[in-house]
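Trainee: I would like to go through this structure with you. Could we begin with the surface and then work inwards?

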Amino acid sequence: MNHPTGDELLLLAYGELPGAAAAEIESHAAACPACRQQLADLERTRVALDVAMPARRGVKPAWAALALAAAAALAGLWLTSRQPSRPHQAWQPMTVWSTTAGYVAGGPAMVDIDARLTRLEQERHYGWPN
């Protein structure tokens, strides 16, 4: 057998080679000092990494998405069910009307405004700069 590649030795060190290939590389490493040394170095590195980096506990994406959707739904319910900060007050008509409102509404206020505008237009200095 030819020397195994670095990838094959790495897969053997992590126990991810199929049975027949693993047996073949192990028998080669038993007879070849260079491959045996390289395999031993990979084993030590794997053990050191396993000790240095604890296994990560992965959050399942489906649970995370479900939790975010539930939080969004609760926030939406909370925002839509809030009561106004002050009680609702009924509209009360104003007692003081502006001249524009009176003009639009019609009636005696409109007649008065129209008369004043007509008087202004008939004066001699109407439209002259001040």
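Mentor: Let us begin with a definition: patches are made of residues with over 30% relative accessible area and no salt bridge, where like charges are joined within 9 Å and nonpolar side chains (Val, Leu, Ile, Met, Phe, Trp, Tyr) within 5 Å. Accessible areas come from the Shrake-Rupley method with a 1.4 Å probe, and for residues only the protein chains shown count as cover. A salt bridge is a side-chain nitrogen of Lys or Arg within 4 Å of a carboxyl oxygen of Asp or Glu. This is a predicted model, in which local features need pLDDT of at least 70, side-chain atom pairs count only at pLDDT 80 or more, and totals for chains, interfaces and linings use all residues. Residues are numbered from 1 along each chain as its sequence is written, and side-chain values use heavy atoms, with hydrogens and water left out.

Trainee: Which residues form a nonpolar patch on the surface?

Mentor: Leu-10, Tyr-14, Leu-49 and Met-53 do, and together they have about 380 Å² of accessible area.

Trainee: Where is Met-53 found?

Mentor: Met-53 sits in the loop between α3 (33-52) and α4 (61-80). Helices (H or I, at least four residues) and strands (E, at least two) are DSSP runs, numbered from the N terminus.

Trainee: Does Met-53 count as buried or exposed?

Mentor: Met-53 counts as exposed, because its relative accessibility is 58%. Buried means under 20% relative accessible area, exposed over 50%, and partly exposed in between (1.4 Å probe, protein chains only).

Trainee: How many helices and strands does the protein have?

Mentor: There are six helices and zero strands, and the pattern along the sequence reads α-α-α-α-α-α. The accessible surface of the protein is about 11500 Å², with 62% of that belonging to carbon and sulfur atoms. Of its 130 residues, 12% count as buried.

Trainee: Which residues make up the largest nonpolar core?

Mentor: That core has nine residues: Leu-9, Leu-12, Ala-13, Leu-17, Ala-22, Ile-25, Ala-29, Leu-39 and Leu-42. The elements giving two or more residues to this core are α1 (6-13), α2 (19-31) and α3. A nonpolar core is a set of buried Ala, Val, Leu, Ile, Met, Phe, Trp, Tyr and Cys residues joined through side-chain atoms within 4.5 Å. In soluble globular proteins, nonpolar side chains tend to be buried together.

Trainee: What does Ala-22 touch?

Mentor: Leaving aside residues up to four places away in sequence, Ala-22 touches Leu-12 and Leu-17. Contact here means heavy atoms within 4.5 Å.

Trainee: And what does Gly-6 touch?

Mentor: With the same exclusion of residues up to four places away in sequence, Gly-6 touches Gln-38 and Leu-42. Gly-6 belongs to helix α1 and is partly exposed, at a relative accessible area of 36%. Gly-6 and Gln-38 are 32 residues apart in sequence and 8.4 Å apart in space, C-alpha to C-alpha.

Trainee: Changing topic: how many salt bridges are there?

Mentor: The count is two salt bridges. One joins the side chains of Arg-44 and Asp-41 (2.2 Å, N to O), and another joins those of Glu-43 and Arg-46 (3.0 Å, N to O). Arg-44 and Asp-41 both lie in helix α3, three residues apart, about one turn of the helix. Glu-43 and Arg-46 are likewise both in helix α3, three residues apart. Asp-41 is partly exposed, with a relative accessible area of 32%, and Glu-43 is partly exposed at 28%.
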